[in-house]
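Let's take a walk through this structure together, one chain at a time. Keep the viewer open and follow along as the text moves from overall dimensions to single residues.

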Amino acid sequence: MATDLRISNISKIYPGCIANDNVSLQFKSGKIYALLGENGAGKSTLVKILSGVISPDNGEVFLNEKNLKLSSPLDAKKNKIGMVFQHFNLFETLSVFENLSIDATEDNKSLRLRINEILKKYNFSIDLDVPVLNLSAGQKQKVEIIRCLLRSPKVLIMDEPTSVLTEQETEELFISLKKFCDEGILIIYITHKLKEVLSLCDEVAVMRKGKVVSVSETQNERVETLANKMVGQKLAKIKKKINISKNKDEIFKVKHLNFYSDDPFETNLVNLNFSVKKGECLGIAGISGNGQNELFQILSGEIITPDTSIIFRNKEIAKLNPKQRREYLMAFSPEDRISQAAVPELKIYENVALNNFKSSNFFEKGLVNEKKIKEHSKKILSDFSVNTDNVELKSQFLSGGNLQKLILGRELITAPELLICYNPTWGLDVGAINYIHETLIKINDQEKSTILISTDTEELLKLSDRIAVIYKGKLSKIMPSEEVTPEKLGVLMGGGSID
Amino acid sequence: MSLDISFIGILIGSIMASSVPLILAASGELITERSGVLNLGVEGMMIIGAISGFALMVLTDNLFIAIVGSMLSGVIISLIFGFLTQSLLTNHVATGLALTIFGIGLSAMLGKNFVGIPGKEFPILFSSLRESIPLFGPILFGHSIVLYFAFALPFLTNYFLKKTKLGLVVRAVGDSPVSASNQGINVILVRYCCILYGGAMCGLAGAYLSLIYTPQWIENMTAGRGWIALALVVFATWSPIKVLIGALIFGGITILQLHMQAIGFRIPVQFLSALPYLMTIIVLVVISRDSRKIKLNTPTSLGRIFYKEK
């Protein structure tokens, strides 16, 4: 039987943000639908409403013209709407079978029989009696899918399913989804990855700022057209004007940087020497795990290594801690936004205050000058177009892109002479990436320097004036970026040689 | 020789009796904690159970009403905890501590008029069989019904958690309340039930002290047993059977060191008094070393406040 799901005028308003603004969409079985949007566009809110986790302020959902009242997840289940969340809803300490049996109505024996049928039919291999915490992310997702399939769903909603999967697992997932689709299950696929939409889905609805801005067939779309719809403006092609003036001063110079560790999870660094000129961006490429973490920590002062010389603006700073280095006008943006760069449980202005530099006057006689910090935070929020003006908001409610903007803003508002960043656009959507790239280029235009440690070659080629590759703790020759091609970088990153 | 054997039988019988309140309270708290709720009010709920059981016995002269009443009083006082932590989302630790302080104070106030009143003899079962078998007679027979219940309880708890659907739901809620809620399980309701059950068992544990073990009311008569029960649950890594073992070790060493003190061993009394605590923890730590099992048994969400998205 064909399934027809219709969403009519759904609205959901949170304090300070309209998550869904009059959303209407229609889906029919036999097709895979993509719901595309940047982080914070309202996709997750919409699917939470469809699965009964939250209730909309307004609007209705119709399944085969029947008006559904979805006030709890049970209602969604009863109406055969299955949902696989981005963050798995599994019980880690329970076995796979226990996870599946918890909401089953039949006895364990026939349930096991049915699960085994599904495993066989879709070629899944999962041991039912091991605890879920022993499974890989891909297997956990399969458990979630089986849980939905057990209830013979009419609708299956997948919320950013590939964010935790490997390449191989993603392929397997796509094969299964196409199979489900052929069997008449209506599939709604939520993502912000454009390529997935084009390779998997038949129709795509794009959401932006809580509204549906376009519905179209994927065969009429390309990556660029979708990206533009998603961001809402024509994405400017960013290309940096390369700084080649050779006679500029060296502002930052590292000599004999060695690092040795007994920890098997850390990489030793062997005699790194490099320098950065005023207004220059030095890119450091490499596959992750080749010493970038250690390098970043040494440059920022989290790790102090003996016998290393780091000269910054003609002063020796190798023995200084991060706070002291900041006072010399260095700034840092670590890879992990949540656990290294910001404290998610703290409010925005508190996170800004964490980076207290001497001239800021955030603290007077040991007391917090809240007013000053808040003013300062407001300025960061507006200067760096973070999508809230509420400095009291807890940082954990910011999307990745907005959090990164806040962090960069916090670092840059001190007008540093050198910014060191490590994978600044990791996990962000196109709009945010573009914004951050523009910001980094602007820094160089203002004659300030940057060191960009990144695993993204495209980003490095776009932003760097000179590029070096780190491989197993050793740095390659530093090359002017106009001489570098993606192929060359690939060879060096794999440990090869290009001479 | 026959005298020695019967003495050992009686000794073991008394060890069993002294571990009953620990088994009851710890088994109840275990269910509560398995649902992700950390109730530090065990001591307070026990002492309330002790005074209300004793008071009801004096007032009604009916032991059945006294026992049921003590459990109900445990339910009522744990309902305060449940309402605060589950409905008003207060911090588990602070609320539990407050509950204990409240319970001790309230029981002292209620108990003022009951100090010095003699208790009533509690009926014991199979007393005729007690003398019939030399060693096992005093161990197996001649106990109150509460003791038999207490010794069955860890096994029942184990069966409940491992084999029944409801037990699975309790474990699931303790593992991840958010997932459980998204699966349509009423997390708050499950947690309320577990809290109230824990309260009932703690109330019963208290009543065992004031009605059966030492049938009288003395202020603060639980004397820290609630805290021991709490520690047992943690050191037994949330396994009911290990709670039973731990309670027996604790009870056993408590009784033994009393005998050793009486005989006059040349070991400092303070050390002997500390021995039960020390040995229980050592033994439980040793038998629960398997870190994988610990991880599987530990309720992941223990003590964390859960609220439903709206």
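Predicted model: local features only at pLDDT ≥ 70, side-chain atom pairs only at ≥ 80, totals over all residues.

Residues are numbered from 1 along each chain as its sequence is written, while chains are lettered from A and ligands numbered from 1 in the order in which they are written.

Start with chain A, which has 17 helices and 23 strands; here helices (H or I, at least four residues) and strands (E, at least two) are DSSP runs, numbered from the N terminus. The radius of gyration of chain A is 26 Å, close to the 23 Å from the globule rule for 499 residues, so chain A is as compact as a globular protein of that length. That radius is taken over C-alpha atoms, and the rule is 2.2 Å times the number of residues to the power 0.38. Along the principal axes, the C-alpha trace of chain A spans about 75 × 50 × 45 Å. Of its 499 residues, 43% count as buried. A residue is buried if 20 or more other C-beta atoms lie within 10 Å of its own, exposed if 12 or fewer, and partly exposed in between, with C-beta atoms placed from the backbone. Among contacts in chain A between residues at least 6 apart in sequence, 68% join residues at least 24 apart. Two residues are in contact if their C-beta atoms, placed from the backbone, lie within 7 Å.

Now look for a sheet in chain A. Four strands form an open sheet in the order β2-β1-β4-β5, with antiparallel pairing; two strands pair if DSSP finds at least two bridges between them. Its edge strands are β2 (17-28) and β5 (66-68) of chain A, each of which pairs on one side only. On average, neighbouring strands of this sheet are turned by 25° against each other, direction ignored. The angles are taken between axes, which are lines fitted to C-alpha atoms (for helices over the stretch in contact), and run from 0 to 180 degrees between N-to-C directions. Within the sheet, strand β1 (residues 4-14) and strand β4 (residues 58-63) of chain A are joined in the antiparallel sense by five bridges. To find your bearings there, note that A:S11 stands opposite A:N58 in β4(A).

Next comes helix α5 (residues 137-149) of chain A. At 1.5 Å a residue, its 13 residues should span 18 Å, and the end C-alpha atoms are 18 Å apart, which agrees; the expected span is 1.5 Å times one less than the number of residues. How much of α5(A) is covered? Mostly so: 10 of its 13 residues are buried. Among the buried residues are A:K140, A:E144 and A:R147, along with A:V143, A:I145 and A:I146. The elements that cover them include β6 (81-84), α3 (96-101), α4 (108-121) and β7 (155-159) of chain A.

Chain B has 13 helices and zero strands. For its 310 residues, a compact globule would have a radius of gyration near 19 Å; chain B has 20 Å, which agrees. The C-alpha atoms of chain B fill a box of roughly 70 × 50 × 40 Å along the principal axes, and 47% of the residues of chain B count as buried. Of the contacts in chain B with a separation of 6 or more, 79% come from residues 24 or more positions apart.

One helix of chain B to trace is α11 (residues 240-263), whose 24 residues reach 35 Å from first C-alpha to last, close to the 34 Å expected at 1.5 Å a residue. After α11(B) comes B:G264, with a positive phi near 95°.

Two isoleucines of chain B are worth a visit. B:I185 lies in the loop between α8 (177-182) and α9 (187-213) of chain B. Why does B:I185 count as buried? Because it has 20 C-beta neighbours inside 10 Å. Beyond its neighbours within four places in sequence, B:I185 is in contact with B:V169, B:A172, B:V173, B:A180 and B:V190. B:I305, in the segment after α13 of chain B, counts as partly exposed, with 15 C-beta neighbours inside 10 Å.

Finally, bring the chains together: 15 residues of chain B are in contact with 17 residues of chain A. On the chain B side, α7 (165-175), α8 and α13 (291-297) each supply at least two residues, and α7(B) gives the most, with five. The residues on this side of chain B divide into four nonpolar, six polar and five charged. In this count Ala, Val, Leu, Ile, Met, Phe, Trp, Tyr, Cys and Pro are nonpolar, Asp, Glu, Lys and Arg are charged, and the others, Gly among them, are polar.
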